[in-house]
Amino acid sequence: GCGNGSSVLPLLRGNPLARVHATDPSPTAVADTVRRVEEAGFSDRLTAEVPPGLTRPCSPGHGPFDAVMALFTLSAIPGGDDAVLLSAAAGELRPGGVLLLRDCGLYDMRHLRDAARGATPVDTAAFLRPGGMHRRYYSLADVDRLAAAAGLEVVESRYLCVRLTNQRRGVHMDRVYVHAVLRRPVGHSRRLLHANSRLRIFDERLGPDCTASVHHAVPAVRWQVLDASQPTPSPSFHAAGFTATVRNVSPHERRDICFEVLGEPLHGEEEVARRLAAPRWPTAPGQRLLLENALVRMWDFRASLGMDRLAFHQHVFDNAWVVLGDGAALNVYTPVAGGGAKLEKTVHFHDGFVSWTVVRNGGFDADGEPLAPTCLHSVDSAVPSVEFREYLIELK
């Protein structure tokens, strides 16, 4: 985040034509930055906001940017959401734009202190410090991994080892930082939409007359996105270790949604068959099953293929779906005794929205009743003028 503006002011002073959009999850920090910039006379070149979430660098409509600075930001994000935030920040760059990263390095003095003085370890390189603050310490290999997941090229990556001395106390402080310059490729981008322990989902874009190679270290499903006026194409499955060469010979940008499957399937053939047979409701979560193997089932679901509030279905596997296009909305219903449907909610979506649901016990509660509306529901379009489209994956 922008903190109190200590990085924003030098940028504005040293670059008379630069415009800066500053964000920080702390409203106090944003207010401090705005105040200091106003006092320095640069307020006409600054916009600032509290972003809509920890994994969203800014609200829509501010980018694309020539450069994004992430200074000691990723290390404060818990879990695997540092990758989600970096990918989202990469998505705000123009092609050829750079992301400037500096953060806590492995074996920094604070890393050694956290390990020795009782900070709660999350893993070997991340800790919860007193007060609940999260801090992660990165290696250059971590930077490479995060950059690859965000679809960024590594222009520069190195450790900065600095010895600071407190002359009054005679104390040396050995600091280790990771420093990197990451660039969004011209013509090709790969943005992480979602990540959990079982699945990663990427949004890939390829410019006209461009070719790109993407290596998949884990099993992956690649699914091209066509215009809403065209039929849905079939996805393709690729085994671990496969390098996909994608060519775009059209005059328009090509888009693919890529699902990377992490780990072995949770359910063998017998359990899969049992889960599919157990509900009295249909277990097809989409209109068309376009791919199935031992790992996944891939479904096309779109309004033009028909939606009916009485067409209930029950989810029996962990699943995720990606919304294609802006402005669509769904009404969600549950069945009522004697027939009919009860409206539970209306949900509005933006392009790239991802829903992830863990389905326990085949979608049934402890009494053997379907979990509604989480697993048992029906939907219809709440905005008929905008076609709802999604790509859905079930993990076996």
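**Cores, burial and contacts**

Modeller: The largest nonpolar core has 29 residues, and Leu74, Leu86, Leu99, Leu101, Leu152 and Leu182 have the most contacts inside it. Its largest share, six residues, comes from helix H3. This is a predicted model, in which local features need pLDDT of at least 70 and side-chain atom pairs count only at pLDDT 80 or more, while totals for chains, interfaces and linings use all residues. Residues are numbered from 1 along each chain as its sequence is written, and side-chain values use heavy atoms, with hydrogens and water left out.

Colleague: What makes a set of residues a nonpolar core?

Modeller: The set consists of buried Ala, Val, Leu, Ile, Met, Phe, Trp, Tyr and Cys residues joined through side-chain atoms within 4.5 Å.

Colleague: Why is His111 called buried?

Modeller: Buried means under 20% relative accessible area, exposed over 50%, and partly exposed in between (1.4 Å probe, protein chains only). His111 has 6% relative accessibility and therefore counts as buried. His111 lies in helix H4, residues 109-116; a helix is a DSSP run (H or I) of at least four residues, a strand one (E) of at least two, numbered from the N terminus.

Colleague: Why does Arg158 count as partly exposed?

Modeller: Its relative accessibility is 38%, so Arg158 counts as partly exposed. Arg158 is found in strand E8, residues 153-166.

Colleague: Which residues is Arg158 in contact with, leaving aside its neighbours within four places in sequence?

Modeller: With those neighbours left aside, they are Leu140, Tyr177, Val178 and His179, where contact means heavy atoms within 4.5 Å.
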